Amino acid sequence: MYKYILESAGNINWMALFALLTFMFVFIVSAILIFTKNKKTIQHISHLPLVNEEDLNIENRK
Amino acid sequence: MSNLETFKYDDKIVRNFAIATSLWGVVGMLVGLLAALQMVWPVLNFSAETSFGRIRPLHTNAVIFAFVGNGIFMGVYYSLQRLLKARMYSDFLSKFNFWGWQTIILLAAVSLPLGITSAHEYAELEWPIDILIALVWVAFGINMFGTILKRRESHLYVAIWFYIATWVTVTVLHIFNNLELPVSLVKSIPVFAGVQDALIQWWYGHNAVAFFLTTPYLGLMYYFLPKAANRPVYSYKLSIIHFWGLIFIYIWAGPHHLLYTSLPDWAQSLGTVFSIMLIAPSWGGMLNGLLTLRGAWDRVRQDPILKFMVVAISAYGMATLEGPLLSIKSINAISHYTDWTVAHVHVGTLGWNGMMTFGILYWIIPRLYNTKLHSVKMANAHFWIATLGTIFYVIPLYWAGWTQSLMWKQFEPDGLLTYGNFLETVTQIIPMYMLRALGGAIYVAGVFMMVYNLWKTTRKGKVSDPEVSAPPKEKIVSGKGEYWHKWIEKRPVQMLVAATVLVMIGGLVEIFPMIIIDKNVPKIESVTPYTPLELEGRDIYIAEGCLGCHSQMIRPFRSEAERYGDFSKSGEFIYDRPFLWGSKRTGPDIHRVGNKYPDSWHYNHMLDPNSMSPGSIMPAYPWLFKRKINTKYTAKKIRTLQILNTPYPENYADIAVKDLELQAKQITANLESQGIEQENLEDKQIIALIAYLQRLGTDATPQIFVEEK
């Protein structure tokens, strides 16, 4: 199947190669960056949508 | 406490966009329904302004840019303010964004039915509207970046990354695909011709799907799904990988719309490879969405909002698996030009965009009006109706696509096509078209229910801009080892630059070689520019939207050579501005229809298709027999084409109209000799159209095909 897909993709030349390499580069860099990231920060960011108006409102906080 | 800053969110703008989303949704889908019915009952082509060819772009533009477009702004304006803990940068820009966008939509709703179109699919609007779009889009960008810069939260949530990428890419796409020279206020000529025009158009068309229908909605998913489920996204790390993977790969995949066409092989291969790679980030994103709900499925069963979102995300998954499969050449050979593609995009639009929008509307409207949803029961009913409508829409169309494609390719043992008459393959699938229209009607009925439900909700609510307080943004302190990530993630400008660079790499690597390397388009010496009359005929073809049903691109298959003639060569299109390859064959390919029939056949066929092809679903075009050819801009068109290196003789523009009249007389005489009688026939539009149709594909024959070495 794999071979079949590649074959039907035809003559992969330097364009495709260049694209693949840039892609790998971007992908690996972003993967490294994200996996070396501080756990607490990630926790904080991923909870950003859950902050509600009420949490930000002084009246309610008192 | 003293360092808290108090401010108000601007929710009025969100409300406005929400209302616009609902209203344009209804309008856009009703127009779609009309188009679907016209494919079954051609009498529903009431007039020039409502005929299928003009209605179809109205439908696509309305649902993409009016319905989904307003939906994007609604979601972005709501979530951006909250994620950044800041009011929008400028109230004026917000208003300009809103009213500007609605003006564009109105102009589209008027100009498209009038036949004012650039023929580039999903970019049909003519140049003055293009400029307005650019202005409004830039205003939106400034407003968004202004807000980002004055934010009180130092971290940018991933949804905002998606918004930024959307803005950058749409800007680039819009500019490149609309490079054109104006001829009049309502007519322009694209800078690129033929194959190059096609490549840029589909690089655009594909990425309009990617960066208008997908990335902004993924941003909305990453905000509103956690909101509705009241839990953070399953894996934030995965969402980052999803983001970079998606925006980078998407930009390359455009040529998969042009497989087996005259596009050079290397560009086609690139499209295939990247399309297949797209499965990875797309499914990563889908799983991330669905897994967010792990352990909360009992709530999904009760909450219509979550139900809508789950089905939307599943539809996203299905469409993004199917898309890459359709990009494999052997599958594309079957699917292209058929209703399979139409079914595929409606999984995406009805399923992903539609359902996600409904879910967000049901969530956001009660909050914007400080009240509860009028009827949860009705929303649940809407969910089932929408699902049923989608199923009734897509399944018959898949069936229609497969059936028709197999019929096109079927041969008898003696080597003749089994269905030599194209029309037979059309009448076969009319029942499927009926079911599709039924599915569409069901879906629209659900939308009406939603509008009623939401309207009732707003009646009992009251509006106010919520006032909140938050501390100002803290100073950035980098932890050890995370310097670079912070550098990107905390600085929107770097983010913008990085996204732009990525997107441009993909675009430029594909397009630049096409434009500068001449050898990609082998010249054919016998191909000459259109005569003025043919040129006007071609513009009528464009205005009537014939390309919504007819392709002009014969692929190199035996079944197509047998049916339509020798396959199309890229060199045949060098004077085609814009290219008119089309993307759907509701009618047969007509690239080589020239000289196939006598002029009188076309005359009768255009007046009443049924007279020549009984049972045809092609609309009749009686107005072409009354309206005069507009020669006011003929000379200007010739001059503009000359600027773009079309080799007309020097000063030819001065005698162009004379030439046009001469050729029109010849055709009229021809028609008379074939028994056609009509007064003052020679200045009617039908003559120009016949001139164009009879010219099609007659320039090139295989013998004089010269490959450049």
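Reader: Before we start, what does "buried" mean here?
Author: Happy to begin there, and please keep in mind that this is a predicted model. Residues count by their relative accessible area, and the cut-off for buried is under 20%. By that cut-off B:Phe7 is buried, and B:Tyr9 is buried.

Reader: How are the rings of B:Phe7 and B:Tyr9 arranged?
Author: A pair of aromatic rings is described by the distance of the centres and the angle of the planes. For B:Phe7 and B:Tyr9 the centres are 5.6 Å apart and the planes stand at 75°. Planes over 60 degrees apart count as edge-to-face, so the pair B:Phe7 and B:Tyr9 is edge-to-face.

Reader: And what is the angle between the planes of B:Tyr223 and B:Phe224?
Author: Good one to look at next: both of these residues are buried. Their rings form an edge-to-face pair, 4.9 Å centre to centre. The angle between the planes is 85°.

Reader: How do the axes of H2(B) and H4(B) run, roughly parallel or roughly antiparallel?
Author: H2 of chain B spans residues 52-84 and H4 of chain B spans residues 127-149. Their axes come within 10 Å and cross at roughly 15°. Angles under 35 degrees count as roughly parallel, so H2(B) and H4(B) are roughly parallel.

Reader: How many residues of the contact of H2(B) with H4(B) are nonpolar?
Author: H2(B) contributes B:Phe73, B:Val76, B:Tyr77, B:Leu80 and B:Leu84, while the H4(B) side includes B:Trp137 and B:Phe140. Among the contact residues two are polar and none is charged. The nonpolar ones number nine.

Note on methods: Residues numbered from 1 in each chain as written. Chains lettered and ligands numbered in written order. Predicted model: local features only at pLDDT ≥ 70, side-chain atom pairs only at ≥ 80, totals over all residues. Heavy atoms only, no water. Axes fitted to C-alpha atoms, helices over the stretch in contact; angles between N-to-C directions. Helix = DSSP H or I, 4+ residues; strand = E, 2+ residues; numbered from the N terminus. Parallel < 35°, antiparallel > 145°, perpendicular 65-115°, else oblique. Contact = heavy atoms within 4.5 Å. Nonpolar A, V, L, I, M, F, W, Y, C, P; charged D, E, K, R; others polar. Phe/Tyr/Trp six-rings, centres within 6.5 Å; stacked < 30°, edge-to-face > 60°. Buried < 20%, exposed > 50% of the residue type's maximum accessible area, 1.4 Å probe, protein only.
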